[in-house]
Amino acid sequence: MSAGNGNANGDGGFSFPKGPAMPKITTGAKRGSEICHDDSGPTVKATTIDELHSLQKKRSAPTTPINQSGAAAFASEEERQKIQLQSISASLASLTRESGPKVVRGDPAEKKADGSTTPYAHGQHHSIFTPDLGAVSDSSLKFTHVLYNLSPAELYEQAIKYEKGSFITSNGALATLSGAKTGRAPRDKRVVRDATTEGELWWGKGSPNIEMDEHTFMVNRERAVDYLNSLEKVFVNDQFLNWDPENRIKVRIVSARAYHSLFMHNMCIRPTPEELESFGTPDFTIYNAGQFPCNRYTHYMTSSTSVDLNLSRREMVILGTQYAGEMKKGLFSVMHYLMPKRRILSLHSGCNMGKDGDVALFFGLSGTGKTTLSTDHNRYLIGDDEHCWTETGVSNIEGGCYAKCVDLSREKEPDIWNAIKFGTVLENVVFDEHTREVDYSDKSVTENTRAAYPIEFIPNAKIPCVGPHPKNVILLACDAFGVLPPVSKLNLAQTMYHFISGYTALVAGTEDGIKEPTATFSACFGAAFIMLHPTKYAAMLAEKMKSQGATGWLVNTGWSGGSYGVGNRIKLAYTRKIIDAIHSGSLLKANYKKTDIFGFEIPTEIEGIPSEILDPVNSWSDKKAHKETLLKLGGLFKKNFETFASHKIGVDGKLTEEILAAGPIF
Ligand SMILES: Nc1ncnc2c1ncn2[C@@H]1O[C@H](COP(=O)(O)OP(=O)(O)OP(=O)(O)O)[C@@H](O)[C@H]1O
Ligand SMILES: O=C([O-])CC(=O)C(=O)O
Ligand SMILES: [Ca+2]
Ligand SMILES: [Mn+2]
């Protein structure tokens, strides 16, 4: 038994040997022979642990001095915050009861000095707003905490503390789950049909606008608002849409999840502190109560999901789906209504620009390659999904990108790979439980795994995200039939024909319920989001392409050598070479031949690509099957176009005729 060591006693506990007291350890007694060195470095100023913690966080000062001369001249920061909260309280108001909930800024979990977490209206806290009206319901007795435009770091903490399924992956991204819905639910989208929208919007067969009445909208709005107000805290994002300063839209997103707040932080344009100070009233508000279902006893509700757009009220309500893409695409629908009113064309397209200022648009349905191909290391990225084309050029609507992650590889898509880092939202991906390394090939949750990141995460993003008029208009189709050529040069009428047709073989997953590629036609390469008749957008596109002398191209990013199941998807590396040849202008100078049925002009050679794949018939071993499939697809195009045959496109009757003649002929 050695002195100084504890001994196990009979009870399995420890006792110390009695005896002379241990010699006291002294330090620094003899210079040069210390056994323990003195630990008395500089000490912290705090005397209690709470005080120490209070030192850690520096208070955010008002970021700019209050502008006394400008329009937004507030007496004090306190008053400015009060006005801001008043505006948020008004946004959250139940329209059948009180004027708005009591709101307070900050995290309810953050204890105040006196240990309380609930603020009092007459307390000293300066970020409180209490409406004057008396309480007529229990919800008006409580406070709703507002987490206003939180930073990514704060949102990470909120998500990890309070939202199941939130994790930090090894690359620093925030992995989240969107719940039962992992794609948009277009069948659950409703648009209010009222005196104004009745005549303005596209209704009926083929239209994405399934009508609902104003009253039903209010029922759902009340449901969403009551749900949000019942929570201890809500997230509020005040942001912008559209990089064109003259056509910027102010949006407010009220949501219940840090995931949704961070997603919109990344996807919308982030205001500077100065811009936020003078934000004022939003032009459009989203109420995202996605965790809460809609009530199926409500008229027009055919499932427990409802995504409702009311253009007159400038509001959108989300019930029964947590898939964040609904917010992004809901706002896009709004832009598809607002912009054409200003003679601006809104486009479901990616957009990038070369070193010499040549701009290309990439149209295509979900999964056809807009994000993948517009993210090009040799070009400036203007945006990956939603743009406007004005009298002066193009502008991105969004402040971020939303990339598909299925089978993502560092080697094939390095810029997207590197954009997945701290701040990025990673939806529905699977990762190693220990290392937190993401396995992008794992589709256990969904095929439609996504990364949402701010556009500046792409190194060659063009900030501000605007550019001159497009030179090339590239229509992307992922042809599961494998009969469309890898690239075709189109004349204007053909470009319009294919723009209105909007063909692809939908890649699994983005829209709820679709599991395998199937042929789809979606007008303007985004019928789910347009608000007016497709010919309205087509006429504007024709007019702009004509006046700018832009060239149209159709690029098949889908199958080659046979249909889905027999052939293979065209190598991304080949598609990139094709796109390079379009950008450089070399493809315009190539030799062309005309194809049967579709009458496409196809190049006979492109540098870096085996020439035999340029004409699909060469890559099919079964020539008869090829011909049959080509005719089958041609038939599907014809049938789809029937509904447009009776519509005049633009002012020029001649163009309409040309467009009708630009489809497959057999
Ligand atoms: N030849 C190819 N060209 C383009 N993309 C390809 C090709 N082969 C495979 N892919 C894959 O197809 C997917 C294209 O998806 P992308 O995110 O670019 O779609 P998107 O058009 O932006 O759709 P959404 O509107 O839904 O965002 C990517 O996962 C990409 O890796
Ligand atoms: O909206 C989404 O979920 C993804 C997308 O970009 C599209 O489908 O076009
Ligand atoms: Ca995309
Ligand atoms: Mn899209």
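This is a predicted model: local features need pLDDT of at least 70, side-chain atom pairs count only at pLDDT 80 or more; totals for chains, interfaces and linings use all residues.

Tutor: Let's start with methionine 301, which sits in the loop between strand 12 (284-289) and strand 13 (306-310). Strands here are DSSP runs of E with at least two residues, helices are runs of H or I with at least four, and both are numbered from the N terminus. Residues are numbered from 1 along each chain as its sequence is written, with chains lettered from A and ligands numbered from 1 in the order in which they are written.

Methionine 301 is buried, at a relative accessible area of 8%; buried means under 20%, exposed over 50% and partly exposed in between, using a 1.4 Å probe and protein chains only. From methionine 301 to asparagine 288 is 13 residues in sequence and 17 Å in space, C-alpha to C-alpha.

Now for the metals. Donors are N, O and S atoms within 2.8 Å of the metal (3.2 Å for Na, K and Ca), and sites may look incomplete because water is not among the atoms. Lysine 329 belongs to helix 8 (residues 325-341) and aspartate 385 to the loop between strand 18 (380-383) and strand 19 (387-389), so the pair ties together parts 56 residues apart in sequence. Both lysine 329 and aspartate 385 are buried. The calcium ion (ligand 3) is 4.8 Å from the manganese ion (ligand 4).

Next comes ligand 1, with 20 residues around it, of which Ser366, Gly367, Lys370, Glu413 and Arg450 come nearest. A residue counts here if one of its heavy atoms lies within 4 Å. Helix 9 (370-374) is among the elements that supply at least two residues of this shell, and helix 9 gives the most, with 3 residues. A polar side-chain atom of serine 366 is 2.5 Å from an oxygen atom of ligand 1, and a backbone N or O atom of threonine 372 is 2.9 Å from an oxygen atom of the ligand. For polar contacts, the cut-off for a pair of N or O atoms is 3.5 Å. Taken alone, ligand 1 exposes 650 Å², and the protein buries 92% of that, with areas from the Shrake-Rupley method and a 1.4 Å probe.

Terms used. Side-chain values use heavy atoms; hydrogens and water are left out. A polar contact is a pair of N or O atoms within 3.5 Å; within protein, one must be able to donate a hydrogen and the other to accept it, and residues adjacent in sequence count only if both atoms are side-chain atoms.
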